[in-house]
Amino acid sequence: MLTMKRHTLKPWLIALTVVSLTSLCLAMFIFITEPTQDQTLLFAVTLFSVANLSVLSVGLFQVLSVTPRIRHLTKCVRRWSNGDLNTRNQIGSYGELSELELELNHMFSRVKNISVQEEANQKTILSKNHLLSAILNSAAAAIYGVDENGRCIFANPQCVKLLGYRTEEQLIACNMGKLVHQNKDENDLANSISEQQIKRDIHLKEDHFWRADGSSFPVEYWSHPMTLSEDKMGAVISFHDNSERLEAEAKIRHQAHYDALTDLPNRFLALRRLEQLVESSERSGKMLAVIFLDLDDFKKINDSLGHEAGDQLLITAAERLLKATRKEDTVGRLGGDEFIILLDGLTSANDAQPLAENLIGGFRKPFYIDNRQLILTASIGIAIYPNDGKNPSELLRNADSAMYHTKSIGRNTYSYFTHAMNKEVSRRLAIEEQIHGAMERGELQVHYQIQLDIRDGSIMGAEALLRWNNAVLGNVSPAEFVPIAEQTGVIESMGEFILNQALSAAQVWHKTFDSNFRVAINLSPRQFRNPNLVKLITESVEQRGMKPEDLELEITEGVLLSGHAYTLDALMALSKAGFCISMDDFGTGYSSLSYLRTYPFQILKIDRSFIKDMNTDDTSKELIIATIEMAHALGIRVIAEGVETQDQLDELSFMMCDYAQGFLISKPAPFEELLKIGERFKQEAQAKIKSEKEADNKPVKTYS
């Protein structure tokens, strides 16, 4: 608080004091020395003196009391105007000046409070501005602001970086529409900003922005309007580089439409392309060929060399397909080792033949995988639009049928679709559908075919054969359903079923007739994959109190083709346990002789195809003789399958064949019929023994 100070008298005040005192002295002098003088003059002098004294008093009062306080107020106001809001007036004890001083103190106290609040507000605003600036500068998205004319008013570091500039100043005041937008000019951007003011925060679009070096990149950006008190201020544009997202989307689209291994169109894209070609062929009147190609025995490559070698083989095969076809043709991979080739613009069905022959020829060349030379063939099926189907699914199904027909006739060639093939495929699909649950429905039965000991004519055993009678399909041949059961895995449960049925039948035979009876069952390749196969067979025999010699296990060459160690281990374990191991259909495979040396076979079964022609074909007869002699030299007994005539049986007896099986002896029959056959053989054997005894006891005639 300021205090008032005394001030020196001013010249005008001194002069007024002198005049007042002089007039007062003059009036007193006249009054004392000349009392008789004119009273008017005396009154005038006195009045003048009093007036001067009054003016002097007022002047002195102003100088000594009012003026210092006014000066003090002036200094206070001056200091307040200079920002010193802590200054306060010294309040007098009387007069309006005291009220003025008090009001001024109150006013400036309020001003100080307002100033303090304003300062706090300014600090808050400044803090918020710093925070907003920090947020914008650290934002992952690129952000810049423009006024109503599209000129840049700010840009964050990410924006400067993405656009390829060094500092924000290089963008300030620049027209952003012309600077970065490929597809917008100044008017377009201004119009967009105006629209944003109305529509509020609308995602504009994807675009390409220019960089400082002249290159461009894809962006996705939004524009947000800026307003202040309903006044348009421009817009804030946020954007980010869209390159990675677009690349990821393109990669996903590619993965969804192309095979990951071969980079050929996958099933989805190939079928969509087929739909387009069907529509195009319908308009043009041209033909369309659907070629279905499957690699032969590809599974062996995976099983023997591993999946990496198989994948490399598929890649090489895809390359060969592309080289053999035209650029406008579609080559796709449907999955596994199946490929599809689409040819359009054909004038006749024969136009697809040159390509099919070219494809077959291309696969005859060796494949070199991991320093190995592999020979791989292909089977091809061809369906023609519109002859073999009106829609893509029908064409593909019929081409698949033709391919399966190619495999059935020997592979390594091609076949055009015929309607007979369609019936075969339909039959196969029906079998696949009905075979599941056949055992639960009680549709499976086991029939038995007698095996005869040629040397003495006795029954030495029987082969158990599975039969299937379905309510929908009727009697289904084992040649039809066994391969399908093998592929679908149903064969394992079927194998366990026939094992139990065969052992039960042998057990009953032993009790009814004699113990010199052995039942034979077939083991499929799929069953050998079960690590518990040996345990299953052994426990099944032991639970019935039977001997391993009572069971014969027949295998075909298909079991041995893979060469897996577990197959050899299982056969060795079964042979060591005492089971009889026999090779079925000997003479129809590639390298059966090597198998006789490697695997523990005790019986060899000559295929019925040799027995059928033995009486008319000398070559077949010589092969049978050689097989029997070779087997006997190895200590292996021989069964001849398909014996249908007495002449065949007599020839086999002469060749020293051990056993015979065929329609001459008995047809496959249910177990009840087998027991009847056994009873008949027993009666015939007893009658024969009785006849021989009677012949021995009959007296012999003598002649003189």
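Here are some notes on the model above, point by point.

1. Ground rules. This is a predicted model, in which local features need pLDDT of at least 70 and side-chain atom pairs count only at pLDDT 80 or more, while totals for chains, interfaces and linings use all residues. Numbering runs from 1 along each chain as its sequence is written, and side-chain values use heavy atoms, with hydrogens and water left out.

2. A five-strand sheet. The strands run in the order β7-β8-β6-β11-β12 in an open sheet with mixed pairing. Strands here are DSSP runs of E, at least two residues, and helices are runs of H or I, at least four residues, numbered from the N terminus; two strands pair if DSSP finds at least two bridges between them. β7 (330-335) and β12 (414-416) each have a single partner strand, so one side of each lacks a neighbour in the sheet.

3. β6 (residues 287-295) pairs with β8 (residues 338-346) in the antiparallel sense, over eight bridges. One place to look is A289, whose bridge partner in β8 is L343.

4. Buried residues in α12 include P392, L395, L396, A399 and M403, buried being under 20% relative accessible area with a 1.4 Å probe, protein chains only. Just after α12, G410 takes a positive phi of about 130°.

5. The largest nonpolar core has 78 residues, and L551, F601 and L652 touch the most other members. Such a core is a set of buried Ala, Val, Leu, Ile, Met, Phe, Trp, Tyr and Cys residues joined through side-chain atoms within 4.5 Å. Helix α15 (residues 491-512) gives the largest share of this core, 10 residues. A second, separate core of 35 residues includes L264, A317, L355 and Y414.

6. One to check by eye: E554. This residue is in strand β17 (residues 551-555) and is buried, with a relative accessible area of 0%. The E554 side chain makes a polar contact with the side chain of K605 at 2.7 Å; that term means a pair of N or O atoms within 3.5 Å, where within protein one must be able to donate a hydrogen and the other to accept it, and residues adjacent in sequence count only if both atoms are side-chain atoms.

Terms used:
Buried < 20%, exposed > 50% of the residue type's maximum accessible area, 1.4 Å probe, protein only.
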